[in-house]
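Hello,

I am handing over the structure below. My notes on what turned up in it follow.

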Amino acid sequence: VLLLSCAFSAVFTQKSDVDWIGDLERDVLRDYSHNISPYSHAKNSTSGRGVMRISLIYARLTTVDEQALEHSNILGLAMSWLDPRLKWNVSDYGGIDHLYVKLSKVWVPEAQFCE
């Protein structure tokens, strides 16, 4: 009866994925500032520089005005980068290898468009 009791309590004391995710988000974002670029300080990346990939995606031509020599297009912009401040040891968090957070919580490069 004692063996069964120990096994039964062990099953219910294991952390769930929700618990691991909560711990991970709290720990990773504890000293994180979304206002500071991960590449602004040499301690956060090698030589203070990082690789950013930017792709301009042409979707379609929407209007053409030959008289005014104007046209309108639909374009998309895809950006990807690595933020070394947001890494963790997967084995410390129940095998969680990715985390979804609100965009407002992480640094995002500024993009400006000109006509």
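**Helix H2**

Helix H2 covers residues 17-29, and its 13 residues at 1.5 Å each should span 18 Å, which agrees with the 18 Å between its end C-alpha atoms. The expected span is 1.5 Å times one less than the number of residues. Helices (H or I, at least four residues) and strands (E, at least two) are DSSP runs, numbered from the N terminus. Asp23, Leu24, Val28 and Leu29 are the buried residues of H2; buried means under 20% relative accessible area, exposed over 50%, and partly exposed in between, with a 1.4 Å probe and protein chains only.

This is a predicted model, in which local features need pLDDT of at least 70 and side-chain atom pairs count only at pLDDT 80 or more, while totals for chains, interfaces and linings use all residues. Residues are numbered from 1 along each chain as its sequence is written, and side-chain values use heavy atoms, with hydrogens and water left out.

**Aromatic pairs**

There are 2 aromatic pairs in the structure. Rings of Phe, Tyr and Trp (its six-membered ring) pair if their centres lie within 6.5 Å; planes under 30 degrees apart count as stacked, over 60 as edge-to-face and the rest as tilted. Tyr39 and Trp107 form an edge-to-face pair, 6.3 Å centre to centre with 85° between the planes. That pair links distant parts of the chain, 68 residues apart: Tyr39 is in the loop between H2 and strand S1 (52-65), and Trp107 is in the segment after S2. Tyr39 is buried at 15% relative accessible area, and Trp107 is buried at 12%.

Trp81 and Trp107 have ring centres 5.8 Å apart and planes at 85°, so this pair is also edge-to-face. Here strand S2, which holds Trp81, is linked to the segment after S2, which holds Trp107, 26 residues apart. Trp81 is partly exposed, at 24%.

**Arg85**

Arg85 lies in the segment after strand S2 (70-81). Its side chain makes a polar contact of 3.2 Å with the side chain of Tyr32 and reaches the backbone oxygen of Ile36 at 2.9 Å. A polar contact is a pair of N or O atoms within 3.5 Å; within protein, one must be able to donate a hydrogen and the other to accept it, and residues adjacent in sequence count only if both atoms are side-chain atoms.

Regards
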